[in-house]
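Could you look through this one with me before you set up any calculations? I have jotted down some notes below.

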Amino acid sequence: MQDRFQRQINYLRISVTDRCNLRCVYCMPAEGVQCLPHSEILTLEEIVDVVKAGVRVGIRKVRLTGGEPLLRRGILELIKKLSDIPEIDDIALTTNGILLGDMAKDLKVAGLKRVNISLDTLQPARFHRITRGGNLNLVRRGIDAALENGLEPVKINTVAIRGFNDDELLELARLSMELPLHVRFIELMPIGTSDDWSRERFISTQEVKELIGGALGNLEDEKVIAGSGPARYSRLPGAPGTIGFISAVSNHFCATCNRLRLTATGQLRPCLFSGRETDLKQALRADAGPDELARIFQKAILAKPDGHNMAVGWQKDDRIMSQIGG
Ligand SMILES: Nc1nc2c(ncn2[C@@H]2O[C@H](COP(=O)(O)OP(=O)(O)OP(=O)(O)O)[C@@H](O)[C@H]2O)c(=O)[nH]1
Ligand SMILES: C[S@@+](CC[C@H](N)C(=O)[O-])C[C@H]1O[C@@H](n2cnc3c(N)ncnc32)[C@H](O)[C@@H]1O
Ligand code: SF4
Ligand code: SF4
């Protein structure tokens with residue numbers, strides 16, 4: 001269905017859990033994150049009902065995220081049920097990769113098409129520091145398992161952060177020369193835990209492009225890689241993979257935004273950056289039928305703003321990224 005700004009909305013990002021096995025410094029506070037009670041979180045059946053209602057208004061693509069989606073009990077069963085919905089033609093998952101080594105094969109069998117894996121550094125000690133305790137080896141294993149099991153295209157999400165990983169962006173870009181990986185550099189957005197994370201940490205796409213182009217060769221524009229997300233892709237000469245750029249701040253893609261979010265607690269959220277939400281859970285738990293759920297979707301789509309307001313600074317929100325479905 002089209003929203004008020006003639007954008008076709010066909011993509012639902014679902015936060016299947018607010019829980020996470022890491023605590024990345026720019027995303028979550030070190031402690032004090034209150035996990036939502038189970039009764040507040042949508043059940044697997046409720047999520048499937050929501051997607052079926054979404055299909056009625058044109059949802060064709062689903063992404064499971066969180067928090068860490070691989071922590072959600074029953075995730076394989078959920079993927080299986082979603083892949084049985086004939087209209088859904090793309091089921092993807094965004095993960096920190098920690099549990100992927102052990103789960104990739106079962107995820108593929110359940111019907112998952114592809115994964116995006118977050119990786120901000122290739123240095124074990126640094127990884128441990130930024131994730132507050134994570135083991136980089138497990139993520140490397142997860143990436144290998146994703147490739148071995150054909151969860152392709154495998155995309156790597158790297159948030160470029162000054163004073164933290166700006167000295168290894170070239171090495172991360174080189175991954176696309178060694179393996180068929182699509183390494184995407186994401187601009188740090190003013191959302192999440194702002195602790196020590198300030199404007200000075202921001203690195204623009206332009207800066208990363210110049211760095212990579214200067215050191216590794218001409219970046220040739222690449223056609224779209226499967227998935228209709230906001231990244232723009234280029235390829236280094238002879239590389240099996242590509243380099244992508246997600247310029248969420250410097251050159252935002254709101255004019256072509258095609259998505260809605262479903263929070264872990266069953267709110268439809270028209271925009272990552274807007275606290276305005278439409279409640280689906282109450283209707284689900286009052287046994288609303290598919291028509292009524294589809295009407296709630298329509299309402300949320302019509303409430304989509306034309307774009308974000310990042311320019312005003314750090315997002316003040318009742319929810320953190322892991323609850324919204326980053
Ligand atoms: N501003 C903004 N940024 C987003 C949005 N969706 C995703 N992003 C950013 O893009 C990053 C990568 O998102 P992914 O979960 O990998 O999904 P995607 O890039 O849409 O996925 P593909 O379908 O594979 O292209 C996120 O970490 C965010 O930083 C959005 O709706 N708005
Ligand atoms: C919130 S996580 C959820 C999925 C999973 N736990 C993971 O890390 O991939 C999704 C993505 O959001 C990104 N992210 C979190 N906070 C961000 C911020 N302030 N700016 C840009 N990207 C951010 C993460 O790096 C990650 O790639
Ligand atoms: S970015 Fe992902 S892995 Fe890191 S704390 Fe946030 S939800 Fe967890
Ligand atoms: S900030 Fe909002 S409008 Fe812009 S791309 Fe993200 S979700 Fe869409």
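The points below go from the whole chain to its ligands and then to single residues.

1. Confidence. Please keep in mind that this is a predicted model. The mean pLDDT of the protein chain is 91, and 92% of the residues reach at least 70. For the model as a whole, the scores are ipTM 0.98 and pTM 0.95. A friendly reminder that coordinates predicted with low pLDDT should not be read in detail.

2. Overall build. Ten helices and twelve strands make up the secondary structure of the protein chain. Its radius of gyration is 19 Å, close to the 20 Å from the globule rule for 326 residues, so the chain is as compact as a globular protein of that length. If you want a box, the C-alpha atoms fill one of roughly 55 × 45 × 40 Å along the principal axes.

3. Packing. Buried residues account for 46% of the 326 in the protein chain. Among contacts with a separation of 6 or more, 76% join residues 24 or more positions apart.

4. Ligand 2. Which residues come closest to this ligand? They are Asn96, Ser118, Asn157, Met189 and Gly326, out of 20 residues that surround ligand 2. At least two residues of the shell come from each of strand 2 (61–66), strand 3 (90–95), strand 5 (154–160) and helix 10 (321–324). By class, the shell around ligand 2 holds nine nonpolar residues, ten polar and one charged.

5. Ligand 4. The residues around ligand 4 are His252, Phe253, Cys254, Cys257, Arg259, Cys271, Leu272, Phe273, Gly307 and His308. Sorted by class, this shell has six nonpolar, three polar and one charged residues.

6. Helix 1. This helix covers residues 44–56, and its 13 residues should span 18 Å at 1.5 Å a residue; the end C-alpha atoms lie 19 Å apart, which agrees. Its buried residues are Ile47, Val50, Val51, Ala53, Gly54 and Val55. The cover over these buried residues includes strand 1 (11–17), strand 2, helix 2 (75–83), strand 10 (259–262) and helix 9 (290–302). After helix 1 comes Gly58, with a positive phi near 110°.

7. Is Arg126 buried or partly exposed? Arg126 belongs to helix 4 (residues 124–130), and it counts as partly exposed because it has 16 C-beta neighbours inside 10 Å. Between Arg126 and Leu136 there are ten positions in sequence and 9.1 Å in space, C-alpha to C-alpha. Arg132 sits in the loop between helix 4 and helix 5. Although Arg132 is not a glycine, its phi is positive, at about 55°. With 14 other C-beta atoms within 10 Å, Arg132 is partly exposed.

8. A cis peptide. Do check the bond from Glu152 to Pro153, which is cis with omega near 0°. Pro153 falls in the loop between helix 5 (136–148) and strand 5.

9. Asp287. Here is another backbone angle to look at: Asp287 is not a glycine, yet its phi is positive, at about 60°. Asp287 is part of the loop between helix 8 (281–285) and helix 9.

Conventions. Residues are numbered from 1 along each chain as its sequence is written. Chains are lettered from A and ligands numbered from 1 in the order in which they are written. This is a predicted model: local features need pLDDT of at least 70, side-chain atom pairs count only at pLDDT 80 or more; totals for chains, interfaces and linings use all residues. A residue is near a molecule or strand if its C-beta atom, placed from the backbone, lies within 6 Å of it. Helices (H or I, at least four residues) and strands (E, at least two) are DSSP runs, numbered from the N terminus. Ala, Val, Leu, Ile, Met, Phe, Trp, Tyr, Cys and Pro count as nonpolar, Asp, Glu, Lys and Arg as charged, and the others, Gly among them, as polar. The expected span of a helix is 1.5 Å times one less than its number of residues. A residue is buried if 20 or more other C-beta atoms lie within 10 Å of its own, exposed if 12 or fewer, and partly exposed in between; C-beta atoms are placed from the backbone. Two residues are in contact if their C-beta atoms, placed from the backbone, lie within 7 Å. pLDDT is the predictor's confidence in each residue, from 0 to 100. The radius of gyration is taken over C-alpha atoms; the globule rule is 2.2 Å times the number of residues to the power 0.38.
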